[in-house]
Every structure is written in structure tokens, then in C-alpha cells.
Amino acid sequence: MAVAFDEMRETDGQVRPVYAGLDKWLSDLPPDVLDHRRREAEFLFRRIGITFAVYGEADSTERLIPFDVLPRIISSAEWNTLRAGLEQRVKAINLYIKDVYGRREVLRAGIVPEDLVFQNPVFRPEMNGLHVPHDIYVHIAGIDIVRVDADTFYVLEDNARTPSGVSYMLENREIMMRLFPELFSRHRVAPVENYPDELLATLKSVAPKTASSDPNVVLLTPGIYNSAYYEHSFLADKLGVELVEGRDVVVKGQVAYMRTTEGLKRIDVIYRRVDDDFLDPLAFRPDSALGIPGLMSVYQAGNLTLANAVGTGIADDKAVYSYMPEIVKFYLGQEPILKNVPTWRCREPEHLSYVLDHLEDLVVKEVHGSGGYGMLIGPKSDQATIAAFRAKLKSDPKNFIAQPTLALSTCPTCVEEGVAPRHVDLRPFVLTGRDKIRIVPGGLTRVALKRGSLVVNSSQGGGTKDTWVLDV
Amino acid sequence: MLSRTADNLYWLARYIERAEYLARVLEATMRLTALPLAYVGTSNEWETAVATAGCRKSFFARYDEANEENVTEFLAFSNDNPSSIRNCIEIARQNARSVRTALTSETWETINGAWLDLKRFGNGPTSREEFLRFLHWVQEISLRFDGSAYRTMLRNDVYWFSRLGLYIERADNTARILDVKYHMLLPADEHVGGPLDYYQWAAILRTVSALTAYHWVYRESLKPWLIADLLILNEQMPRSLASCYENLVRFCDSIATAYGRQGLAQRQARAVRTRLQNSRMEEIFQTGLHEFIGEFVSDNNALGAAVSSQYLM
């Protein structure tokens with residue numbers, strides 16, 4: 001594996017211009033201050049209750065995501081490229097989903113294999129031929145980006161269903177400004193605090209035609225036991241919209257209403273953080289207690305906008321991912337600005353045989369997996385694990401893709417031995433409204449706190465950082 | 001506001017108020033049981049504490065007799081008792097978490113902080129000193145909750161529903177202690193009073209944090225009918241039934257005005273307050289204190305049910 005690109009220091013130890021201010025500040029800092037601030041940050045997170053749940057852990061239903069007090073810095077020039085690439089990619093994703101549930105030109109042209117769509121469990125036949133308000137399916141996208149050298153950013157994954165993490169982007173900045181006013185006085189950091197306003201504007205812009213000029217937007221949560229409940233309540237608060245659970249909503253005559261202390265009130269837009277499967281027990285999983293019976297009938301009648309739309313999963317699983325560059329070209333006639341990580345599709349025999357021959361060097365992922373579960377990191381696995389995985393892969397090759405082990409870029413991070421480089425990724429959030437696409441500068445940086453680790457997922461010991469976009 | 005939000009706010013306040021009441025019951029009982037038997041008689045104060053907490057039935061389903069160990073465990077820390085102090089704080093926090101967007105950060109942090117601190121006390125006290133500290137801590141949580149709500153919350157339906165929960169619970173608590181101890185509060189001519197009762201009366205007042213208030217209001221040594229008057233009819237006394245209903249009428253009316261609609265809850269609150277305003281202690285004793293309290297408890301429950309069906313469902 002190649003030596004990772006460090007975002008702060010060149011290989012000769014030179015500090016990159018964008019990190020110069022931070023470097024100077026760090027060297028001026030009396031010892032122990034960082035450690036002290038780190039503990040203060042943890043205290044604040046716990047008091048405010050910024051927690052998440054890890055499923056399957058008996059004792060700790062609520063845990064903190066470790067927060068690293070050193071910011072990750074991106075130059076505004078780099079950001080401008082990223083932003084253009086993100087806009088392009090999300091535009092293509094929306095066109096692709098509309099096409100798949102509509103004319104299916106992309107399938108007829110042979111760009112994407114049919115079985116990848118129709119045999120995909122996240123494909124929703126209920127959406128066939130349905131016109132969603134303003135033809136927008138993915139209103140909120142979280143695109144995971146990794147960096148491998150000074151010039152190359154790859155898209156690692158598209159999240160087009162219910163991407164989470166934006167509350168950490170916002171809270172991390174708040175806590176940083178509270179802990180390090182001096183550091184902020186030395187930098188001009190592009191703000192992210194307008195994200196809730198941008199999100200609300202986006203959601204209102206996509207209200208159905210039946211809505212009044214001031215549409216009623218609500219946020220639908222599975223409830224307090226959901227791992228991202230903190231984020232749901234945080235966003236509802238910042239948006240100034242009601243945080244509803246399934247039991248707060250009733251459907252009458254193809255209109256959705258919420259139960260209030262003053263009677264029923266009509267709902268126009270649902271920013272839903274409940275998965276398709278659980279949304280409507282009459283349409284999807286009948287055992288869902290989180291859902292709203294009849295919601296799909298309201299949606300199909302055109303009286304409701306769901307953000308994101310139902311069935312967007314066909315755009316973000318890892319098998320479709322490998323076709324994204326072709327999808328961008330097909331709909332926009334442009335070269336993709338953001339590259340994909342080179343990907344072998346195990347469904348294709350040539351690719352499979354290459355993957356089987358190089359398991360020791362590759363990362364193999366399940367097509368429908370997420371959260372870093374169910375994957376093989378070849379270089380970090382022993383022979384027995386690789387052998388077991390080989391068997392799994394052979395028995396169902398369609399279910400896997402493989403990628404080279406990327407040397408993810410590193411950033412200075414506060415760890416036990418002091419400040420040391422750790423691998424990071426980036427999840428910017430892309431908002432698509434009727435009028436335009438909105439992206440606040442930055443996103444959520446996740447960091448693998450263990451030395452050498454490439455797994456940044458919060459469920460597996462990853463942490464987060466504030467992300468700065470800076471003019472140099 | 002979502003009905004569920006109103007429901008959560010209402011129960012959040014009820015459970016915090018209940019936790020404080022339980023802490024007071026336990027503290028007063030500890031004091032009584034620390035006195036020589038000759039001062040307090042031979043009744044089992046721990047059994048009385050269980051009755052005052054309103055969970056005699058569930059307690060004796062688990063234990064054959066009441067003693068300090070099992071009553072403190074049951075009322076303060078037990079996971080099996082849905083209304084133990086621990087569970088009150090757990091449920092209050094669950095409700096708060098569901099509506100945290102409706103709470104100010106001060107109020108939320110009080111509840112969340114209490115819930116985090118609760119773990120510090122583990123599975124129970126290791127000593128009486130520690131237990132007493134725990135009881136004081138619980139009372140402090142309630143003060144902080146109340147204070148932060150009073151000082152930081154907007155005066156809108158969020159605040160009003162939380163106050164309804166608080167005052168309905170408070171009225172219920174005061175009525176319950178009167179119900180358990182009514183036989184000690186009968187007027188002088190019917191009552192075989194003795195020095196025994198003095199400490200019982202003091203304990204009643206302590207449970208509703210009114211011992212000092214009593215002296216300021218009546219400037220007399222403890223008299224049972226005055227204690228009853230203080231807890232039932234005295235509008236200056238924040239835990240009296242009269243004061244609770246003054247507040248309940250006020251907050252029910254605030255909601256009705258804001259929503260532009262009156263209902264059963266408003267009528268019920270006003271009816272109970274009118275009855276309290278028109279009552280005199282002599283008449284209450286004549287018709288029977290026990291009957292009066294019993295009627296009040298069911299009226300108070302009826303108000304709870306009316307609020308619930310009118311707004312919370």
C-alpha cells in the first residue's frame with residue numbers, strides 16, 4: 001500500500017499553505033490545552049445529549065461519537081471543484097431514478113444491466129410511472145468522498161436514501177467556536193450554520209401543487225430508540241418544523257394530517273428519516289409499527305412530497321455505483337468531474353477472476369452493505385478470513401464489488417500519543433430543490449482514530465472533525 | 001402543537017413532581033423512625049410510607065412486610081416499581097427526549113443531567129447519609145426543573161401543558177397524604193390527641209415542605225385542623241389543593257384562550273376550584289374529611305382524563 005497523502009504536510013515536512021495557520025497556532029499552544037479542550041468538548045456533547053445508538057450493544061444504548069478538536073481543512077479552490085462535481089453527480093442521480101421508474105432509456109441503451117434494477121430488493125414497483133412533485137427524487141444526498149493525493153478526490157459512495165450526519169457537521173462547528181475562539185479569530189472559515197435554512201427552503205420549494213403558499217413541512221422519525229434520533233430532533237428544532245412519529249399522522253381521503261392539540265392539520269411535505277420498508281405497512285412491510293397506514297396512497301394521489309422519494313435506493317447501492325460515470329455521461333453528456341474509485345464488479349466473470357486472484361490486496365464489499373459491515377479488507381485479514389470470504393464470494397459473486405485498498409488521506413488528529421496523522425473521509429450534503437441545488441461549504445469529516453485504520457464508521461470506532469473551507 | 005408533544009410535556013412534569021414527592025415521603029419517614037417509639041407510637045411508618053406513595057398493592061405483591069430496607073429500595077430504586085424515583089426520572093427523561101425540541105436547553109439539560117447523575121447512585125445507598133444526600137438531590141432536580149421552566153420557557157402551550165401535569169400531580173400527592181393520615185387530623189373534640197401526634201403532624205407538613213410555612217401562617221403550635229386547613233383551603237400555600245386548582249384553572253384558561261375554544265377540562269377545573277372556594281373547614285369535618293378527600297381525588301383524576309381526551313390524544 002502506498003504512503004498516505006497527508007493533507008497538512010508534504011513528504012518533506014513542509015506545511016501546506018492551507019494548514020499554515022493551524023500549524024502556527026498549534027506550535028504557540030501551551031501543552032495540555034488540547035487535552036483539556038478535548039475533555040471539555042466531550043462534556044459538552046454529553047450534556048447536550050449529542051449521542052447515537054449502536055444496535056446490538058446491550059449496555060450502551062447511547063454513545064458519544066468521539067470528536068477530534070483539530071479541524072480538517074480544505075482550500076476554497078479544492079472545494080469549488082468538489083462542489084461542481086457534487087452538483088453534477090446528484091443531477092445525474094435524479095435523472096437516472098426518474099428514468100428507471102419512467103421510460104427506462106438507460107436500460108434500453110444497455111448502460112445499466114436490467115437485472116441490477118429489477119432484481120434489486122430496493123427497487124419499488126409502486127413507483128413505476130408515478131410523477132413525483134417537480135421530478136425530484138433525491139432532495140438530500142450525502143456523497144462520501146475520499147482523497148488519495150493532492151489532486152484526486154474519489155466518490156466512495158452515494159447515499160441517496162436517508163443520509164445522516166449533518167447534525168454533527170453543525171454541532172462540531174458550534175463546539176469548535178465555543179472552545180477555540182482564538183483559533184477562529186486567525187482564520188476566515190466559510191460558515192455552515194445556514195444549512196437548516198437551505199434545507200427548509202429546499203423542502204418548501206418541492207411542495208406538491210395542492211399545498212398552500214406556506215406548505216406544512218414535518219420531519220418523520222422512527223422515534224427515540226433510533227440511532228439517529230438526536231439528529232432528527234436537532235434538525236426539526238433548527239428547521240422549526242414538527243418532529244412527528246408514525247402515530248402522530250393519520251390518512252383521511254388521500255390526505256395526510258397530523259394530530260395536534262387543536263385538531264387535525266394537513267401535511268404537505270415529509271422529510272422522512274424512516275426507511276422505505278417501514279414507511280407504510282399497507283404498501284411495504286405489514287409488521288411496521290413505525291409507519292403510517294395509507295401514506296403511499298396520499299403520495300400516489302399527488303397530495304404529498306416525500307423527501308427523499310420512495311425507491312431511491314436503486315441509485316446508491318454499490319453495484320450501481322460502478323456505473324455512475326457512465327450514468328453521468330448518458331444523461332448530461334459530460335465527463336464526470338468526480339471520479340469513482342476503480343471498481344471490479346464481481347458479477348462480471350473477468351472481474352471476478354481478477355478479484356479472486358488478488359483478494360489479499362483488495363477491499364471487497366457487499367453490494368447492499370453499509371456502515372462498514374460485511375466487508376473484507378484484504379491487506380488486513382489473515383488467511384483464514386480471506387479463505388472464508390472467498391467461499392462467500394464464489395457462492396454469490398453478484399452480491400459483491402471490489403476496490404483497491406485506497407491510501408486515504410490523513411489529517412493531524414489528537415490521539416493518545418499527541419498529534420498524529422489519521423485517515424479521513426468527507427461527507428458533504430447536497431440539497432436539490434425545484435429552483436436550484438444548494439451545498440454548504442464543508443461537510444462531515446469522519447476520522448479513523450486507530451493508528452493505520454481505514455474504517456471511519458462511527459459504529460466501528462470512528463470519530464468526527466469540524467471541516468473548514470478556507471481561502472488561502 | 002402535536003398532541004403527543006403535549007402528552008410528553010404533561011407527563012414529564014408529572015413524573016418529576018412525583019419523584020420529588022416520593023423523596024419527601026421517604027425523608028419524613030426516616031425522621032419519624034429515628035424517634036423513640038414512645039414519641040410516635042407503634043404503627044409501622046414504613047408501611048404508611050408505602051400507602052402515602054400510593055403503591056400499597058404492588059408493594060405487598062412482592063413483600064410480606066414493610067421495613068426500611070425494602071421500602072427504600074422499592075420507592076427509590078426498584079426497577080419493578082413503575083413509580084420508583086429511579087423510574088420517574090427515567091420516564092421523565094424519555095418524555096423529555098421525545099420533545100426536546102419543545103424544551104429550552106436549560107430545562108433539557110436539567111433532566112438529561114439528572115438522568116446521567118442517577119447512575120452515580122448505582123443500585124442503592126450504601127449508608128443512610130448517602131441515601132439522605134440522594135433524597136436531597138432528587139428535590140433539587142425538581143427545583144431546577146421548575147426553576148428553569150419558569151425562567152426560560154416561552155409562555156405558550158408548551159409551558160401550559162407542562163404546568164397542568166405538575167399541578168394535577170401535586171394536587172394528587174397532597175390529597176394522598178391527607179387520605180392516609182386523615183385520622184390524625186380530626187378536630188380536637190373527636191380526637192384523642194397526645195404528644196404522640198405532634199411528630200406525625202410535623203411529618204405531614206414536612207412531606208409537603210410546609211412546616212415553616214405553617215408557623216408563619218398560623219403563628220400557633222401544631223393543631224390538626226389548622227394543618228388540614230393549610231393543605232386543603234389555604235391559597236397561599238403552594239401545595240394546597242386550593243392553590244393547585246387556582247393554577248390549574250389559570251393554565252386551562254390560557255390554553256382555551258390561545259386555541260379559542262373551551263371544553264370539559266376548563267369546566268372541570270373551574271368546578272373543583274369553586275367547590276374548594278366555597279368550603280369551610282368546619283363543614284368539611286362535619287361531612288367527613290375522608291369522604292371529602294376521596295371525592296377530591298376522583299375529581300382530580302377526572303380533570304386529568306378530560307385534559308387527556310381534549311388535547312393529548
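**Two chains and the contact between them**

In chain A, 45% of the 472 residues are buried, and by buried I mean that 20 or more other C-beta atoms, placed from the backbone, lie within 10 Å of the residue's own. Everything I show comes from a predicted model, in which local features need pLDDT of at least 70, side-chain atom pairs count only at pLDDT 80 or more, and totals for chains, interfaces and linings use all residues. Residues are numbered from 1 along each chain as its sequence is written, and chains are lettered from A in the order in which they are written.

I will stay with chain A for a moment. Along the principal axes, the C-alpha atoms of chain A fill a box of roughly 65 × 55 × 45 Å.

Next, chain B. Its domain assignment, automatic or from a database, gives domain 1 (1-153) and domain 2 (155-313). Their centres, over C-alpha atoms, are 20 Å apart. Between them, 29 residues of domain 1 are in contact with 26 residues of domain 2, where contact means C-beta atoms, placed from the backbone, within 7 Å. On the domain 1 side, helix 1 of chain B gives the most, with 17 residues.

Now, how many residues does each chain bring to the contact between A and B? The contact takes 17 residues from chain B and 17 residues from chain A. On the chain B side, helix 1 (3-33), helix 6 (85-98) and helix 7 (105-118) give two or more residues each. The largest share, 4 residues, comes from helix 7 of chain B.

One residue to look at is Leu2(B), in the segment before helix 1 of chain B. Is Leu2(B) buried or exposed? Leu2(B) counts as buried because it has 23 C-beta neighbours inside 10 Å. Leaving aside neighbours within four places in sequence, Leu2(B) is in contact with Glu242(A), Val244(A), Asp248(A), Met258(A), Arg259(A) and Thr260(A).

Terms used
Two residues are in contact if their C-beta atoms, placed from the backbone, lie within 7 Å. A residue is buried if 20 or more other C-beta atoms lie within 10 Å of its own, exposed if 12 or fewer, and partly exposed in between; C-beta atoms are placed from the backbone.
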